[in-house]
Amino acid sequence: MTSGRKCGVVPNVPRLLCSADRSVPEASAPMPESAQRSIESSAISDPGISTFPGVLDGVAMRGVLNEVIPDEWGTVQNVSFHILKHHPGSRCTFEIGLRTTNGRYCLIGKVYAADRFDVYRAMNEIRRAGFGSEDEFSIPKPLAYIPGLRLLLQEKVQGPRAKQFFLAGSERDRVEASERCAGWLAKFHATAPQSGDVLDPTGEMRSIAKWSRTIAELGEPLAGLAGRVSKRLEERASAVANGMELCAGHGSYSCHQVILSEGRTIAFDWDAYDVADPCHDVARFLVALQRLAFKYLGSIRTLDTAAEVFLKTYQGLSPFRVAANLPWYRALTCLRLSKYEANRPVCTFGKGIEVLLREGLRVLEQ
Ligand SMILES: Nc1ncnc2c1ncn2[C@@H]1O[C@H](COP(=O)(O)OP(=O)(O)OP(=O)(O)O)[C@@H](O)[C@H]1O
Ligand SMILES: [Mg+2]
C-alpha cells in the first residue's frame with residue numbers, strides 16, 4: 001500500500017498501448033485481440049451506472065490506483081482508459097493504462113450499476129483454492145474492490161482467448177484449446193469452494209417463460225419453437241432437479257471467457273458465479289461453441305469435433321457424471337442464448353436463433 005502519496009493534476013494522455021506491459025509475467029499474446037471492439041472512454045456515458053463519471057476521472061483514479069498497485073510499480077503519473085465492453089445500465093469493462101515512475105502497466109477495471117463486492121470475495125476464495133498465478137489453471141488476480149465506485153480492479157491477463165483458436169486455429173489448435181478448457185473446468189468443479197446462489201432447475205421456470213416471450217416477439221417460426229422448447233424444459237425440470245449433483249459453477253463458462261497463455265489457462269468474468277449442476281457450465285461451453293460456429297464458420301456443426309474433445313476430456317477428468325442431465329441444460333442454454341440474441345437492439349441473428357432453438361429440441365428428443 002502507498003497511502004499518503006500526493007496527487008498533482010496531470011493532463012490526459014492518449015490511450016496507452018500495452019505491448020510493453022509489465023503487469024503480467026507471461027509471454028505476450030501470439031495472436032492480437034484485434035477483433036475486440038475499441039471504444040474510447042470519452043464517448044461513453046451511462047446514467048444507469050451512477051459511479052461511471054467518478055471511475056473515468058483520471059485524476060481521481062490516480063489516487064485510487066496509488067493505494068492499490070504493488071509498491072514495486074512505483075507512483076502513478078498518468079492514467080488512461082479504454083472501454084472493452086459496455087452493457088448500458090448494468091456494467092462496463094475497461095482497460096486501465098498506467099504510466100508510473102517505474103514504467104507502464106495495464107489493469108482491467110469493471111464498474112457495476114449495483115454493488116458486486118461479492119465477486120471480489122468469490123475470486124479471492126477461488127484463487128486460494130488452487131487457482132493462483134502460479135497454477136496451470138487459474139483466474140485473474142483480483143487487486144481491489146472500491147465500494148464507493150462499485151469498481152472491481154483485477155490483473156489484465158495477457159494472451160489470446162480460446163475463441164481465437166476455435167475460429168482461426170488448425171484442427172490441432174482446436175483440439176488443444178478444447179482439452180485445456182475442459183481441464184480447467186474439471187479442476188474447478190472438483191475443487192473450488194461453493195459460494196453464491198444455487199441454480200435450481202425448477203426455479204428457472206419463470207426465466208424460461210420470460211425468455212420465451214422475448215423470442216416470441218420476433219414472430220413465427222421462432223415463437224412456436226421457443227414455446228416448444230420451454231414446454232419440454234418445464235416437463236423435465238423436476239426430474240433433472242432430483243438427479244442433480246452440486247458443485248461450484250462459473251455460470252457463463254465459454255471459449256469467450258478463457259485465455260490460453262503460455263503454460264497457463266485462465267478463466268475470467270466471475271459475475272455469474274454460482275452453485276449448480278456441473279452440466280450447466282458444460283452445456284454453456286458446448287452451446288456457445290455451436291453459436292460461434294454458426295455465426296462465423298457457417299454451420300452449427302463446424303466445431304463438433306472440438307466439442308466432442310471438450311466433452312470427452314471433461315468426462316475423463318471430472319468426478320461428476322453429466323450424461324443424464326446434460327441435454328436439459330443444453331436446451332436451457334439454447335433458449336437463453338436465443339433470448340440474448342433476440343434482445344439486441346437490432347436482431348441480425350434470426351436464422352441463428354432458429355438453428356439454436358431447433359438444436360434445443362433435438363437434444364431434448366435424443
Ligand atoms: N482479467 C482480464 N484480463 C484480460 N482481459 C480481460 C479480463 N477481464 C475482462 N477482459 C476483457 O474484457 C472483455 C469484457 O469483460 P467481461 O467478459 O468480464 O465483461 P462482461 O460485461 O461480463 O461481458 P459478457 O457480456 O461477454 O459476459 C472480455 O471479453 C475480455 O476481452
Ligand atoms: Mg459476463
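User: Which residue in S3 is the bridge partner of Val79?

Analyst: In this predicted model, Val79 has Leu98 of S3 as its bridge partner.

User: How many bridges pair S2 with S3, and in which sense?

Analyst: Strand S2, residues 76–87, pairs with S3 over 10 bridges, in the antiparallel sense. The two strands form a hairpin with three residues between them. In that turn, Gly89 has a positive phi of about 80°.

User: What about S4, how is that strand joined to S3?

Analyst: S4 covers residues 103–112 and runs antiparallel to S3, with 10 bridges joining the two. Here the hairpin passes through two residues. Within this pairing, Gly97 stands opposite Cys106 of S4.

User: Is S3 mostly covered or uncovered?

Analyst: Strand S3, residues 91–100, is mostly covered, as eight of its 10 residues are buried.

User: Moving to the helices, at what angle do H10 and H11 cross?

Analyst: Their axes cross at roughly 165° and come within 8 Å. H10 spans residues 326–342 and H11 spans residues 350–365. Angles over 145 degrees count as roughly antiparallel, so H10 is roughly antiparallel to H11.

User: Left-handed or right-handed crossing?

Analyst: The crossing of H10 and H11 is left-handed.

User: Which residues make the contact?

Analyst: On the H10 side, they include Trp328, Arg330, Leu335 and Glu341. H11 contributes, among others, Ile353, Leu357, Glu359 and Val363.

User: And how many of the contact residues are nonpolar, polar or charged?

Analyst: The contact of H10 with H11 has 12 nonpolar, two polar and three charged residues.

Notes. Residues numbered from 1 in each chain as written. Chains lettered and ligands numbered in written order. Predicted model: local features only at pLDDT ≥ 70, side-chain atom pairs only at ≥ 80, totals over all residues. Heavy atoms only, no water. Axes fitted to C-alpha atoms, helices over the stretch in contact; angles between N-to-C directions. Helix = DSSP H or I, 4+ residues; strand = E, 2+ residues; numbered from the N terminus. Parallel < 35°, antiparallel > 145°, perpendicular 65-115°, else oblique. Left-handed = near helix turned anticlockwise from the far one by under 90°. Contact = heavy atoms within 4.5 Å. Nonpolar A, V, L, I, M, F, W, Y, C, P; charged D, E, K, R; others polar. Buried < 20%, exposed > 50% of the residue type's maximum accessible area, 1.4 Å probe, protein only. Pairing = 2+ DSSP bridges.
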